[in-house]
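Subject: Structure for your review

Dear colleague,

Please find below the structure I am passing on to you. My findings follow directly after it.

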Amino acid sequence: PATDEERSETAKGRVRFEGKWMSVAQRDRTIEKRLEERREQVQDQLDHSTWGKRKKEESRWFAWEHVLPQHVFERYSGLMDVYFDQFVKEWKIKVPRKKGKLLVCFYKDHPEMIQVGGAPSGVLGYFRFVEPLELNFFYDRLDPVFTEEVMFHETNHYLQSLIDEDFDYPHFPGESLAEYYGASRFEPETGKIETGLVLEGRLVEVQTDVLAGEMMPLERLITTPRMYEHYNWGWSLIHFLMSDPKTEKAFTESRVGLARDREAKRVAAGRGGARTCEPPEVWRYFKECLDVETVEEVRDLEGAWHEYVREQLEFVSPHGKSAAAERAIREGRRLRAKRLHAEALAEGGDADPLILHRAAKFHLADGRRSEAIGLWRKALALAPLEAEFYAWLGSALRRSKETEEEGLRLQLLALEID
């Protein structure tokens, strides 16, 4: 039954809109104003939807070129400025103001970055470290956490270059540092970036090696000039070192000293007058700073690191478990994948369209068509404009004569959307 207030306001011809009582005309004006603002936003996006018509804007520290919706750009440009502010202070970096603001090219998706930037197809972002310097990365609409990780990773390479502009960090610790600081998150309550989080994509790879009994030797990791494991095992090593105040201080001394300490032996880097340290020197200097000189001391540090990887690093989100399930599928470990998908969904992943989509594909491949269809319908309720979801759902529906027509309709809708 209506309350006295509702009866009184209704008698005056007023309506309740967003928790307030107002006249019908006032409500209609509010709605029309918002519609007009939305029309302007859509038109602005259409006017700048191709790279040739990209926007050029500036934030506090960076000059940006992009074709993204304005609210998306403002979120990420704000994050970049906070990230940069924090590291300039913590790393005691001097910003080269004479060179102006660093150019950041922020693309709407991966294909656009590859087409415009000319990078190989496997590249997910990059820092151009020769003049003219620039950062390049793209927006992953379904996985904004991934976008932030790549953005923070590449920006960290720029920060490393500012420690000494004439020094090029070796692959280790350069890439491992960028991965460590890529796992960062903005905390609205404090207005700061929290660093040193678990980089769950890399943890998936490390755990795969651990389960196979393939533990990475410390010396091999540091003395190999360029290896993929600098991204995953290297990340885990730095996470371990930064987890204890004693080793954190020693590793920080090693990181900075490679570029600044006169005792560190540097050689020509092949870029103008730039210098770098070769892997054997990185290893020698690392041991000196960490105070591990003997074989036994190296073995003890390595053992502590490996134990930390096995016992301390673990998944902390449904997103991480979903990524682990995807990795398990690629390795043919379907029982593990089934368990991880189930855990990801049970622990909150059923509110994430990407996690639902991944689980649906797994169910469909395993012959559980009805479960897959249900998951895609949930995903579309959360992301109703995602063409890929309609395409997959349509494909699943077309496997039965009873729903074949509906499946075709959804696939055609997918083509219309994208």
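L415 counts as exposed because its relative accessibility is 62%; in this classification, buried means under 20% relative accessible area, exposed means over 50%, and partly exposed lies in between (1.4 Å probe, protein chains only). The residue belongs to helix α18, which covers residues 404-417; helices (H or I, at least four residues) and strands (E, at least two) are DSSP runs, numbered from the N terminus. Together with L408 and L412, L415 makes a nonpolar surface patch of about 300 Å². Such patches are made of residues with over 30% relative accessible area and no salt bridge, where like charges are joined within 9 Å and nonpolar side chains (Val, Leu, Ile, Met, Phe, Trp, Tyr) within 5 Å. Accessible areas come from the Shrake-Rupley method with a 1.4 Å probe, and for residues only the protein chains shown count as cover.

Please note that this is a predicted model, in which local features need pLDDT of at least 70 and side-chain atom pairs count only at pLDDT 80 or more, while totals for chains, interfaces and linings use all residues. Residues are numbered from 1 along each chain as its sequence is written, and side-chain values use heavy atoms, with hydrogens and water left out.

Turning to charged pairs, the whole structure contains 26 salt bridges, each defined as a side-chain nitrogen of Lys or Arg within 4 Å of a carboxyl oxygen of Asp or Glu.

- R202 and E205: here the closest N and O atoms of the salt bridge are 3.1 Å apart. The two residues are separated by about one helical turn, because they stand three residues apart in helix α7 (residues 200-211). R202 is buried at 17% relative accessibility, and E205 is buried at 10%.

- R284 and E281: this salt bridge has its closest N and O atoms 2.7 Å apart. Both residues lie in helix α11 (residues 279-290), three residues apart, which is about one turn of the helix. R284 counts as partly exposed, with 26% relative accessibility, whereas E281 is buried at 10%.

Yours sincerely,
A colleague
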